[in-house]
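Please keep the structure in view while reading.

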Amino acid sequence: MNDAEYIMLTNSLHGYEVQVEAEGRRRGLGQRVLKVLEKLAHSTRMRCVRLTALTHNPSAVAFFKACGYSLDETSPPKEEASHYEILSKTTIQDGSVGDTPQTVGDNLEQMVIS
Ligand SMILES: CC(C)(COP(=O)(O)OP(=O)(O)OC[C@H]1O[C@@H](n2cnc3c(N)ncnc32)[C@H](O)[C@@H]1OP(=O)(O)O)[C@@H](O)C(=O)NCCC(=O)NCCS
């Protein structure tokens with residue numbers, strides 16, 4: 001793997017577990033959690049957000065896809081019949097220098113509160 005490929009694969013924010021209590025589901029909370037992750041990734045100049053979904057949990061995959069995620073290049077090939085897959089969503093980078101740690105914190109606090 002060359003340096004450019006290494007940076008492309010590693011410059012991401014990876015979430016392993018997203019969970020909303022059963023009685024709070026289907027009210028947009030999960031989607032909101034992902035938006036916070038995406039904002040954090042964007043603010044810290046991560047190329048994408050990657051999420052792991054267990055293959056025996058099709059509703060998680062449906063949720064991630066509904067939120068705009070698709071199968072990532074690093075996901076194990078279907079032939080491997082792996083117990084997990086990796087989905088990702090690109091973080092749009094506009095070429096700006098990115099936020100300072102202070103503004104990242106302020107922005108996230110604002111998103112969680114509002
Ligand atoms: C997956 C989970 C985090 C989703 O959280 P949520 O707050 O219920 O999700 P949202 O309300 O934001 O859903 C957004 C969209 O995702 C899709 N979606 C969510 N849950 C779904 C499900 N069980 N089956 C199919 N699609 C689903 C829908 O399109 C939904 O929009 P809609 O309600 O308008 O149809 C939640 O169901 C959960 O905690 N599950 C148990 C833990 C888990 O499986 N986590 C994921 C793997 S780590």
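The average pLDDT of the chain is 85, and 75% of the residues score at least 70; pLDDT is the predictor's confidence in each residue, from 0 to 100. This is a predicted model, in which local features need a pLDDT of at least 70 and side-chain atom pairs count only at pLDDT 80 or more, whereas totals for chains, interfaces and linings use all residues. Residues are numbered from 1 along each chain as its sequence is written. Among the elements, helix 3 (residues 58-66) has the highest mean pLDDT, 97, and helix 4 (residues 101-113) has the lowest, 60.

The chain contains four helices and four strands. Both are DSSP runs numbered from the N terminus: helices are H or I over at least four residues, and strands are E over at least two. Read from the N terminus, the elements follow the order α-β-α-β-α-β-β-α.

The four strands form an open sheet with mixed pairing, in the order 1-2-4-3; two strands pair if DSSP finds at least two bridges between them. At the edges lie strand 1 (12-15) and strand 3 (70-71), each of which pairs on one side only. Strand 3 runs antiparallel to strand 4 (residues 84-90) and is joined to strand 4 by two bridges. In this pairing, leucine 71 stands opposite leucine 87.

Helix 3 packs on the sheet, where it touches strand 2 (48-54), strand 3 and strand 4. Two residues are in contact if their C-beta atoms, placed from the backbone, lie within 7 Å. The direction of helix 3 makes about 160° with that of strand 2; axes are lines fitted to C-alpha atoms, for helices over the stretch in contact, and angles run from 0 to 180 degrees between N-to-C directions.

Strand 2 and strand 4 also run antiparallel, joined by seven bridges. Here threonine 52 stands opposite isoleucine 86.

What surrounds the ligand? Its shell holds 18 residues, of which the closest are Arg25, Gly30, Gln31, Ser59 and Ala66; a residue is near a molecule if its C-beta atom, placed from the backbone, lies within 6 Å of it. Helix 2 (29-43) and helix 3 are the elements that give two or more residues to this shell. Helix 3 gives the most, with five residues.
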